[in-house]
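Please consider the model shown below together with its sequence.

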Amino acid sequence: MAYLTFNADDFGMTPGVTLGIHQAMANGIVTSTAAMVCVEGAKENIQKYVTSTPGAIGAHLQLTDGKPILPAKEIPSLVRDDGRFHRKSKDMSWGLNETEIYNEWKAQLDLLREWGIEPDYLDTHHHVHMKFQVLPVYAKLAKEMKLPVRSGSSKITSELRYLGVSCPDVTITGFFGDDLTQQKMEELVLREKHKHGPEAVIEVCCHPGISSPELENMSYYTKGRECELAMLTQKESKVRLKELGFDLIGMNEVIKLKPMMNVKTITQ
């Protein structure tokens with residue numbers, strides 16, 4: 001049996017996104033979501049739904065979008081001149097300071113705990129953990145907290161496991177668009193199962209949500225979230241995935257299937 005975890009990004013981004021994720025977890029095949037803390041209104045959005053949202057809740061660590069938790073003067077390599085994060089990962093400096101990343105992410109995790117969430121796993125906004133300056137910090141936090149993390153390509157998975165971190169065999173990041181169908185979803189997961197074997201652990205990174213003017217001011221990806229929400233809450237999806245040889249799991253369960261290993265000691 002192969003394993004699938006549908007992991008929804010951006011819990012807390014806007015009221016509509018947060019509600020959409022809640023619906024996809026309560027009524028669909030989404031098994032996990034990651035909460036972000038560096039956008040305005042995140043606390044209210046998260047706390048409105050967190051207690052009634054089933055499944056695993058992780059930390060959606062940010063180095064892009066929004067305002068950092070630490071003062072800009074303490075993390076100069078991570079921010080623009082206005083003290084905010086860069087909009088996209090491609091705009092970030094090549095001179096990122098690992099200590100600054102570590103301290104800022106610790107501050108984000110502390111704030112999430114203040115809001116009543118002890119994260120079950122870690123991932124990152126805009127997949128910034130895939131940057132070579134960021135991956136060691138990501139792995140260090142995961143090892144300290146004994147948590148599984150989002151991977152990415154086979155190369156990223158290999159590097160994380162070399163560092164002793166638990167992660168899925170692969171993360172599907174191409175689950176986007178207005179043309180999503182049950183067939184397309186099945187093709188995506190079956191292709192990765194064929195690559196990684198009949199007992200593969202596969203994460204599908206998804207973005208269900210409800211569009212709004214507020215979201216349009218924050219993200220280029222708006223109406224596509226509603227298409228994802230509709231597809232992820234189809235009644236037949238869960239049955240169909242079972243027929244194809246998949247069990248649904250939460251991201252927190254990845255560590256049981258792909259345990260952490262003491263392969264390499266990470267120092268800062």
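The structure is a predicted model, in which local features need pLDDT of at least 70 and side-chain atom pairs count only at pLDDT 80 or more, while totals for chains, interfaces and linings use all residues. Residues are numbered from 1 along each chain as its sequence is written, and side-chain values use heavy atoms, with hydrogens and water left out.

A nonpolar core is here a set of buried Ala, Val, Leu, Ile, Met, Phe, Trp, Tyr and Cys residues joined through side-chain atoms within 4.5 Å. Buried denotes under 20% relative accessible area, exposed over 50%, and partly exposed in between, for a 1.4 Å probe and protein chains only. The largest such core comprises 76 residues, and F6, L63, W105, L122, L160 and F175 have the most contacts inside it. With neighbours within four places in sequence set aside, L63 is in contact (heavy atoms within 4.5 Å) with L78, F85, H86, M92, I101, W105, V128 and V134. Another core, of seven residues, lies apart from the largest one and includes A56, Y121, V201 and M251.

Secondary structure elements are DSSP runs numbered from the N terminus, helices being H or I of at least four residues and strands E of at least two. Helix 4 (residues 135-145) is largely enclosed by the rest of the structure, because eight of its eleven residues are buried. These are L135, V137, Y138, A139, K140, L141, A142 and M145. Their cover includes strand 3 (56-61), helix 3 (98-114), strand 4 (122-124) and helix 5 (154-162). Just after helix 4, K146 adopts a positive phi of about 55 degrees.

Strand 6 (residues 201-206) is likewise largely enclosed, since six of its six residues are buried. Both of its faces are covered, with V201, E203 and C205 on one side and I202, V204 and C206 on the other. Two strands pair if DSSP finds at least two bridges between them. Strand 1 (residues 2-11) pairs with strand 6 in the parallel sense over six bridges, and N7 stands opposite C205. Strand 5 (residues 170-172) also pairs with strand 6 in the parallel sense, over three bridges, and there I172 stands opposite V204.

How are the aromatic rings arranged? Rings of Phe, Tyr and Trp (its six-membered ring) pair if their centres lie within 6.5 Å; planes under 30 degrees apart count as stacked, over 60 as edge-to-face and the rest as tilted. The whole structure contains four aromatic pairs. The F6 and F175 rings are edge-to-face, because their centres are 6.4 Å apart and their planes stand at 70 degrees. Since F6 lies in strand 1 and F175 in the loop between strand 5 and helix 6, this pair ties together parts that are 169 residues apart in sequence. Both F6 and F175 are buried. The rings of Y220 and Y221, with centres 6.2 Å apart and planes at 45 degrees, form a tilted pair. Y220 counts as exposed at 66% relative accessibility, whereas Y221 counts as buried at 10%.

A charge sits over a ring if NZ of Lys or CZ of Arg is within 6 Å of the ring centre and within 35 degrees of the ring normal. K131 lies over the face of W94 at 5.6 Å from the ring centre, and the charged end of K193 sits over the ring of F246, 5.1 Å from its centre.
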